[in-house]
Amino acid sequence: MLRIFATKLVRTQEKKENMAIMITDECINCGACEPECPNNAIYEGGASWKFAEGTGFKGQGEHPTVGAVDAEVENDPGSMDVYYITHSKCTECVGFHDEPQCAAVCPVDCCVDDPEHRETEEMLLAKKAFMHL
Ligand code: SF4
Ligand code: SF4
């Protein structure tokens with residue numbers, strides 16, 4: 001009985017853990033995911049990215065996970081070869097959709113959880129609020 005309870009508790013904790021989404025090298029550069037992202041967090045390989053793109057954020061501010069940022073600064077590409085997701089703009093679609101839209105449309109299932117960027121639902125909502133207020 002105790003073991004069943006403990007297993008349920010672990011499953012519950014695992015379910016609450018959220019991660020940003022990342023694109024793997026399996027990407028075939030079809031571009032289907034890019035227009036689906038509510039945060040404009042997906043970019044083509046080799047393209048630089050800005051916080052201002054696809055968000056309401058202007059000027060400077062204190063991002064919930066990366067600290068002081070400037071909306072208009074051009075940041076280096078996350079990949080030169082395939083589409084990439086900038087984790088500081090990805091909210092795993094929390095606050096917009098029930099599931100990550102990039103993963104839902106990807107034909108080769110290469111939009112996966114990013115173990116390097118684990119965030120709580122509260123943190124993901126704080127990122128959304130920061131970008132879209
Ligand atoms: S999970 Fe949602 S917010 Fe994150 S990159 Fe994919 S579509 Fe964008
Ligand atoms: S939908 Fe999948 S394969 Fe197509 S560009 Fe996006 S990550 Fe790459």
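## Helix α3 and its two faces

In this predicted model, the face of α3 turned away from its buried side carries the exposed residues Glu122 and Ala129. A residue is buried if 20 or more other C-beta atoms lie within 10 Å of its own, exposed if 12 or fewer, and partly exposed in between, with C-beta atoms placed from the backbone. The buried residues of α3 are Leu124, Lys127, Lys128, Phe130 and Met131. They sit on the same side of α3 because they cover an arc of only 160° around the axis. That arc is taken from the directions from the helix axis to the C-beta atoms.

Helix α3 spans residues 121-132, twelve residues in all. From its first C-alpha to its last it reaches 16 Å, close to the 16 Å expected at 1.5 Å a residue. The expected span is 1.5 Å times one less than the number of residues in the helix.

## Basis of the model

Residues are numbered from 1 along each chain as its sequence is written, while chains are lettered from A and ligands numbered from 1 in the order in which they are written. Because the model is predicted, local features need pLDDT of at least 70 and side-chain atom pairs count only at pLDDT 80 or more, while totals for chains, interfaces and linings use all residues.

## Overall fold

The chain has three helices and six strands. Along the sequence they follow the pattern α-β-β-β-β-β-α-β-α. Helices (H or I, at least four residues) and strands (E, at least two) are DSSP runs, numbered from the N terminus.

Of the 133 residues in the chain, 27% are buried. Take the contacts between residues at least 6 apart in sequence: 78% join residues at least 24 apart. Contact here means C-beta atoms, placed from the backbone, within 7 Å.

## The nonpolar core

The largest nonpolar core has 17 residues. Such a core is a set of buried Ala, Val, Leu, Ile, Met, Phe, Trp, Tyr and Cys residues joined through C-beta atoms within 7 Å. Ile21, Cys33, Ile42, Ile85 and Cys102 have the most contacts inside it. Strands β1 (18-23), β2 (42-43) and β5 (84-85) each give two or more residues to this core. The largest share, four residues, comes from β1.

Ile85 has contacts with Ala20, Ile21, Met22, Ile23, Ala41, Ile42 and Cys90, leaving aside its neighbours within four places in sequence.

## Two ligand shells

Ligand 1 has 15 residues around it. Cys37, Cys90, Cys93, Pro100 and Cys102 come nearest. By class, this shell holds ten nonpolar, three polar and two charged residues.

Ligand 2 has 14 residues around it, with Cys27, Cys30, Ala32, Cys33 and Cys106 nearest. Its shell has twelve nonpolar, two polar and no charged residues. A residue belongs to a shell if its C-beta atom, placed from the backbone, lies within 6 Å of the ligand. Ala, Val, Leu, Ile, Met, Phe, Trp, Tyr, Cys and Pro count as nonpolar, Asp, Glu, Lys and Arg as charged, and the others, Gly among them, as polar.

## Loop residues

Gly78 is found in the loop between β4 (67-70) and β5. Gly78 counts as buried because 20 other C-beta atoms lie within 10 Å. Its C-alpha atom is 7.3 Å from that of Gly45, 33 residues apart along the chain.

Most residues other than glycine have a negative phi. Glu92 has a positive phi of about 55°. Glu92 lies in the loop between β5 and α2 (101-105) and is buried, with 26 other C-beta atoms within 10 Å. Asp109 also has a positive phi, near 55°. Asp109 is in the loop between α2 and β6 (111-119) and is exposed, with 9 C-beta neighbours inside 10 Å.

How values were computed
Contact = placed C-beta atoms within 7 Å.
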